[in-house]
Amino acid sequence: MSQAIFPKLTIPETLAAGPGPGNTDARVLQAFAAAGVADHMQGDVLRGMIECKHMLRQIWGTRNVHTFAVAGTGWSALDTMFSAVMPGDRVVAFSNGTFSGIDALTLRIKAATPAEHAADSLNPQAASVTVIEVPHGQSVTGDVIEAALAEHKPKWAFMAHWETGSGRINDLRGFSDACARHGVMGLIDAVSSLGVEDFSIDDYPGVAGWASCPQKGLCCLPLTYAPVSFADAYIASLKATGAYSYVHNPIFEARHWGIVDGQDVDKGTYHRTHSGYAVAAFHESLRLTLQETLAIRAGAYRTHEAALRDAVIAMGCEVTSNMTSLVVLNLPGDLAGREMELVQNCRAEGFGIWPTLSAPVQVRIGILNQLQPGAIREIVRRFADAMRAMGADVDHAAVEAVLDKHYVQTIAAQ
């Protein structure tokens, strides 16, 4: 057999303007690249991990000792959080988009009995799990949550805080309050809200478990560390039932971060071969978040999302989302049905917008780590050019006037 030697892989820089990952902050990349070659038990690496868990607690606004991060992407954090769900556990999961739908599938996999797995191993129909389907483009509301928990009386309830598949923010206050009223332990997918919205998880006592990611609001590399946080009630339940996992068992993972028996200790006791480079990058992303403050960053997201939203509306698009890091839209009538074509054309030009991943097909434009007027103007220009190339009549002057209303007047007021 002949041996194939491929050319050196060169990946060009692209403008990541989708739901995430976002463009990693250049300072985070520098921290990653500048880390010395060190083994995973080197003193500065371990010190960095200790500092990371304390910074993460500040960012998330929590006294939960079991607040740390899991090696990998947001899926790693979610799998860790869901590991406490055991076969036969009663669960209510709310789904209003692609990713909360995958989370609901994960919960059915976790809660399914051996017989249910044998019947359909890739899509088990766990009788103990109730999935409440909310139509795409709508938010999960407090009244829907209250009714479901009152009827089904589960041990666990799940909801995505921000559903990136449809760009909708769900009712976190209503979810927490309903869980507290009914004695349910809430689980939250905060993959898209951490680092974008200014909120403290200790303000939501009905939520026992949180899972997020490094590559969105924290502007870090995807394969670094995915944040999780667990309340005492969650850890007590996990101790009582165990989990069918070693790598993603929250108690074992906590030991890796120097959290043993609910206390911070000087040295971790669980072996995981991690990356000093990843620790350096994650540490810098948390440090930069605290320096900027969540209040300032959240305000910037609101400002720039409003500008982008009004600009695409001026192009004739219909916006159906309410997240501040992402605009989800329908194209004007004369381009309706060509959303995937437009996205593919943009991506071929290094402009990384995304379609929705489930029906109906819409266009998603994100602004993660693009919080400057010049960046938003570039995103708008590229999107307008792509629409014109497909025959749309986009009034350049009108769109620019919309952006000027947001930016020129703001600068003048300052």
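**Aromatic contacts**

1. The structure, which is a predicted model, holds twelve aromatic pairs. One of them is formed by Phe-32 and Tyr-277, whose rings are tilted, at 5.8 Å centre to centre and with 45° between the planes. Phe-32 lies in helix α1 (residues 26-34) and Tyr-277 in helix α10, so this pair ties together parts that are 245 residues apart in sequence.

2. Helix α10, to which Tyr-277 belongs, spans residues 276-292. Tyr-277 is partly exposed, with a relative accessible area of 31%, and Phe-32 is likewise partly exposed, with a relative accessible area of 31%. Because patches are made of residues with over 30% relative accessible area, both values matter for the next contact: Phe-32, Val-37 and Tyr-277 make a nonpolar surface patch of about 300 Å².

3. How are the ring planes of Tyr-225 and Trp-257 arranged? The two form an edge-to-face aromatic pair, with 90° between the planes and 5.4 Å centre to centre. Tyr-225 is in strand β10 (residues 224-230), whereas Trp-257 is in the loop between α9 (250-256) and β11 (259-260), so that the pair links distant parts of the chain, 32 residues apart. Both Tyr-225 and Trp-257 are buried, that is, under 20% relative accessible area.

4. Two further arrangements involve aromatic residues. Trp-60, Phe-199, Tyr-204 and Trp-210 form one aromatic cluster.

Technical notes:
Residues numbered from 1 in each chain as written. Predicted model: local features only at pLDDT ≥ 70, side-chain atom pairs only at ≥ 80, totals over all residues. Heavy atoms only, no water. Patch = residues over 30% accessible without salt bridge, like charges linked within 9 Å, V, L, I, M, F, W, Y side chains within 5 Å. Areas by Shrake-Rupley, 256 points an atom, 1.4 Å probe, with all protein chains shown as cover. Salt bridge = Lys/Arg side-chain N within 4 Å of Asp/Glu carboxyl O. Helix = DSSP H or I, 4+ residues; strand = E, 2+ residues; numbered from the N terminus. Buried < 20%, exposed > 50% of the residue type's maximum accessible area, 1.4 Å probe, protein only. Phe/Tyr/Trp six-rings, centres within 6.5 Å; stacked < 30°, edge-to-face > 60°.
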